[in-house]
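Please read this briefing alongside the sequence and the structure. The points are grouped by topic.

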Amino acid sequence: SFVGFAAGVLLTSSFIDIIPEALEAGNYEEYVYLSIFGGIVLFFLLERFMIWSHHHHDHKNIHSTTPLILIGDSIHNAIDGVAIAASFLANPILGWQTTLAVMAHEAPHEISDLALLIGNKLPPKKALGFNFISGLTAIIGGIAGYYFLDISEAFIPILLGFAGGMFIYIACTDLIPEMHEDFAKNKRWSQTIPFVLGIAIAFISRMLLE
């Protein structure tokens with residue numbers, strides 16, 4: 001159920017939230033699509049390396065998607081930090097509104113990441129700690145946005161596209177194949193219902209906060 005829910009949230013967040021936001025951020029459409037492609041290719045190569053490294057060192061309890069999830073989430077959180085900083089610089093009221101909106105639309109995403117880390121055999125406390133650390137990159141993004149807004153804003157569309165590509169890769173190459181394996185084992189609804197639920201929650205939260 002962890003896998004299905006996470007796959008639904010990651011796919012929905014990528015296609016109706018992250019990538020559209022990247023395309024709306026400026027006249028960088030060509031570069032956004034290239035960054036999506038780059039995120040997919042880079043994460044493929046990175047996962048190949050992770051699998052080789054874990055096999056080489058016989059780390060049987062480490063799931064290759066764990067570091068990929070944390071990297072992608074860290075980049076996304078840093079971008080949210082830049083957006084919050086930019087909003088506060090424009091207007092303090094707008095800043096607080098943006099902060100609340102980011103917290104609300106990130107909630108399903110963070111829950112899915114946490115569930116996926118636990119599903120990858122990480123102890124709950126360790127998974128929560130890793131998720132918390134990845135969330136701290138929002139502070140780094142906020143500081144960068146405050147002091148280097150002109151520079152950081154120029155990179156936001158590219159980084160968003162990159163993060164979107166990474167999440168699509170994780171959902172389509174790791175999570176959905178695992179759902180198919182469960183389906184083949186006659187666990188027909190154990191992943192399908194959470195998958196649809198993840199899509200619905202991510203979609204509804206996006207629509208309410210738009």
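This is a predicted model: local features need pLDDT of at least 70, side-chain atom pairs count only at pLDDT 80 or more; totals for chains, interfaces and linings use all residues.

His-76 counts as buried, because its relative accessibility is 2% and buried means under 20% relative accessible area, with exposed over 50% and partly exposed in between (1.4 Å probe, protein chains only). His-76 sits in helix α3.

Residues are numbered from 1 along each chain as its sequence is written, and side-chain values use heavy atoms, with hydrogens and water left out.

**Overall make-up**

- The protein chain has eight helices and zero strands; helices (H or I, at least four residues) and strands (E, at least two) are DSSP runs, numbered from the N terminus.
- Along the sequence, the pattern reads α-α-α-α-α-α-α-α.
- Of the 210 residues in the protein chain, 45% are buried.
- Contacts (heavy atoms within 4.5 Å) between residues at least 6 apart in sequence join residues at least 24 apart in 81% of cases.

- His-109 is in helix α4, which covers residues 92–119.
- With a relative accessibility of 1%, His-109 also counts as buried.
- Leaving aside residues up to four places away in sequence, His-109 touches Val-9, Leu-10, Ser-13, Asp-73, His-76 and Phe-167.
- His-109 and Ala-6 are 103 residues apart along the chain, and their C-alpha atoms are separated by 7.8 Å.

**The largest nonpolar core**

- A nonpolar core is a set of buried Ala, Val, Leu, Ile, Met, Phe, Trp, Tyr and Cys residues joined through side-chain atoms within 4.5 Å.
- The largest such core has 30 residues, and Ile-170 and Leu-175 touch the most other members.
- Two or more residues each come from α1 (2–24), α2 (29–56), α3 (65–90) and α7 (149–184).
- The biggest contribution to this core is that of α7, with 13 residues.
- Leu-175 touches Val-3, Ala-6, Ala-7, Leu-10, Leu-116 and Ile-170, when residues up to four places away in sequence are not counted.

- Phe-195 lies in helix α8, residues 192–209.
- Phe-195 counts as buried, at 19% relative accessibility.
- Beyond residues up to four places away in sequence, Phe-195 touches Gly-4, Phe-5, Ala-7, Gly-8, Leu-11 and Met-179.
- From C-alpha to C-alpha, Phe-195 and Ala-6 are 7.2 Å apart in space, while in sequence they are 189 residues apart.

**Helices α5 and α6**

- Two packed helices are described by the angle between their axes and the distance between the axes.
- The axes of α5 (residues 124–135) and α6 (residues 137–147) come within 4 Å and cross at roughly 5°.
- Axes are lines fitted to C-alpha atoms, for helices over the stretch in contact, and angles run from 0 to 180 degrees between N-to-C directions.
- The two helices are therefore roughly parallel to each other, a label for angles under 35 degrees, with over 145 counted as roughly antiparallel, 65 to 115 as roughly perpendicular and the rest as oblique.
- Ile-133, Ser-134 and Gly-135 of α5 make the contact with Thr-137, Ala-138 and Ile-139 of α6.
- By class, this contact has three nonpolar, three polar and no charged residues; Ala, Val, Leu, Ile, Met, Phe, Trp, Tyr, Cys and Pro count as nonpolar, Asp, Glu, Lys and Arg as charged, and the others, Gly among them, as polar.
- Gly-142 is also placed in α6, and Gly-142 touches Gly-81, Val-82 and Ala-85, not counting residues up to four places away in sequence.

**Aromatic pairs**

- The structure holds two aromatic pairs; rings of Phe, Tyr and Trp (its six-membered ring) pair if their centres lie within 6.5 Å, and planes under 30 degrees apart count as stacked, over 60 as edge-to-face and the rest as tilted.
- Phe-88 and Trp-96 have ring centres 5.3 Å apart and planes at 80°, so this pair is edge-to-face.
- Phe-88 is partly exposed, at 28% relative accessible area, whereas Trp-96 is exposed, at 57%.
- Tyr-146 and Tyr-147 have ring centres 4.9 Å apart and planes at 80°, so this pair is edge-to-face.
- Tyr-146 is partly exposed, at 49% relative accessible area, and Tyr-147 is exposed, at 58%.
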